[in-house]
Amino acid sequence: MALRIIPLCLLLMCAPLWAQDAAPDLDELWRVGCLWEVGDNREKVAAARKAIIDAGEPGLNYAITRLASTDTLVTRCLETVILGFGEKAVKPLTAQVAHAEPSARRNVAELLAKLDARSAADALLAQATVETNDSARLSQLAALAKWQTAQAVPLLVTLSRGDNQRIRQRAPSLLVFFESSEAAARLIEMLEDPIYHVRDAAVEALKIAAPSVKERCIRQLEKLLQAPADSNVGLTRRLVTVAAHCGSDGTSAALQRALTHSDAGVRADAAQALAAWKRAAGLLDTINVKALLQAAANAEADPFAKAEMLAAIEKLNEK
């Protein structure tokens, strides 16, 4: 009798070891990994996602099957898991660049960009060339812009001319990665987009553009300032705002000319731009901007422009 009990005891002792070697329940782990990360969920969500990563290739293959999701909770889990696999995820993701679902193509492009998988550039470019979904193409071109893939510029320019306002609003932040004349010209052109948010996005992009691109802005501003006084005041004002972030030799002269423009709005913007320029790009320039602004304020008849000039002087007084 005792001899029969011994093998049974050994089985019971070894059972936990077998349980540890059993394949993880990826469906359950994924369900938990996609929960809200709040309260008591935080630790178990993190543990579930880690367990999927620790599962190795089966965990990676499982995550790849979830690429088409549009649910934010799922895509958060997907991102954490895929990034957890790092370089191992690049090849399987690249194989899905032309996935049948647009949402998957978008997610793949965004994940490859976050992995900085430059080896996927050719595949993304090929797909972006034939892509029919604007959102997916935007994500593909965002990755290519990050890697400054020059062949992406014509595609970006085309996308920036589309009817989708949200896509157009995003385009300047991608075009600014490039210094080519085509990208720079389109960025400046977008300063005249009919939608305010698109114009504003172009302004913000040009503020951080390469010096050669900002130089084009100054040349464009100079042309406008030499044209009849009522020539495209809106574009003039936006270029004046960009000029505040430009360190080229012609910036100071262009802003001083704008300070005497016939339009009060241009004069107001020029005052603010001169102060901003003097505190940054023009810091080492010997021109006395404070004196210029004071003289302009003394001669100003428009209350708004005068207030902006005085406010600009106060900015220069700040330490």
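Q: In this predicted model, which handedness does the crossing have where H14 passes H15?
A: Let's begin with how these two helices lie. H14 covers residues 211-226 and H15 covers residues 233-243, and their axes are 9 Å apart at an angle of about 140 degrees. That angle makes H14 oblique to H15. The crossing in which H14 passes H15 is left-handed.

Q: How many nonpolar, polar and charged residues does the contact of H14 with H15 have?
A: On the H14 side, the contact uses Cys 217, Ile 218, Gln 220, Leu 221, Leu 224 and Leu 225. Their partners in H15 are Leu 235, Thr 236, Leu 239, Val 240, Val 242 and Ala 243. Sorted by class, the contact of H14 with H15 has ten nonpolar, two polar and no charged residues.

Q: Is H4 roughly parallel or oblique to H5?
A: Here is another pair of packed helices to find in the model. H4 and H5 (residues 72-85) have axes 10 Å apart and pack at an angle of about 140 degrees. Angles over 145 degrees would count as roughly antiparallel, and 65 to 115 as roughly perpendicular. The angle found here therefore makes H4, relative to H5, oblique.

Q: How do the residues of the contact of H4 with H5 divide by class?
A: H4 brings Gly 59, Leu 60, Ala 63 and Ile 64 to this contact. H5 answers with Leu 78, Val 81, Ile 82 and Phe 85. Gly counts as polar in this scheme. The residues of the contact divide into seven nonpolar, one polar and no charged.

Q: Why is the pair of Trp 30 and Tyr 62 called tilted?
A: The structure holds one aromatic pair. Planes under 30 degrees apart would be stacked, and over 60 edge-to-face. The ring centres of Trp 30 and Tyr 62 are 5.8 Å apart and the planes stand at 55 degrees, so the pair is tilted.

Q: How many residues apart are Trp 30 and Tyr 62?
A: This pair links distant parts of the chain. Trp 30 belongs to helix H2 (residues 26-33), while Tyr 62 belongs to helix H4 (residues 57-64).

Q: Which helices do the buried residues of H10 pack against?
A: H10 (residues 153-160) is mostly covered, with six of its eight residues buried. Those residues are Val 153, Leu 155, Leu 156, Val 157, Leu 159 and Ser 160. They pack against H8 (121-130), H9 (134-146), H11 (165-175) and H12 (181-189).

Q: Which residues does Pro 24 touch, not counting residues up to four places away in sequence?
A: Pro 24 sits in the loop between H1 (2-21) and H2. Its relative accessibility of 43% makes Pro 24 partly exposed. Leaving aside residues up to four places away in sequence, Pro 24 touches Leu 29 and Ala 55.

Q: What is the phi of Asp 116 near?
A: Look in the loop between H7 (102-114) and H8 to find Asp 116. With a relative accessible area of 35%, Asp 116 is partly exposed. Most residues other than glycine have a negative phi. Asp 116 has a positive phi, near 55 degrees.

Q: Is Gln 148 buried or exposed?
A: Gln 148 is found in the loop between H9 and H10. Its phi is positive, near 55 degrees, in a residue other than glycine. The label for accessibility over 50% is exposed. At 51% relative accessibility, Gln 148 counts as exposed.

Q: How many charged residues are in the contact of H17 with H19?
A: The H17 side of the contact includes Arg 267 and Lys 278. On the H19 side, Glu 308 and Lys 315 are among the residues in contact. Ten residues of this contact are nonpolar and one is polar, while the number of charged residues is four.

Notes: Residues are numbered from 1 along each chain as its sequence is written. This is a predicted model: local features need pLDDT of at least 70, side-chain atom pairs count only at pLDDT 80 or more; totals for chains, interfaces and linings use all residues. Side-chain values use heavy atoms; hydrogens and water are left out. Rings of Phe, Tyr and Trp (its six-membered ring) pair if their centres lie within 6.5 Å; planes under 30 degrees apart count as stacked, over 60 as edge-to-face and the rest as tilted. Helices (H or I, at least four residues) and strands (E, at least two) are DSSP runs, numbered from the N terminus. Axes are lines fitted to C-alpha atoms, for helices over the stretch in contact, and angles run from 0 to 180 degrees between N-to-C directions. Angles under 35 degrees count as roughly parallel, over 145 as roughly antiparallel, 65 to 115 as roughly perpendicular and the rest as oblique. Contact means heavy atoms within 4.5 Å. Buried means under 20% relative accessible area, exposed over 50%, partly exposed in between (1.4 Å probe, protein chains only). A crossing is left-handed if the near helix is turned anticlockwise from the far one by less than a right angle, and right-handed if clockwise.
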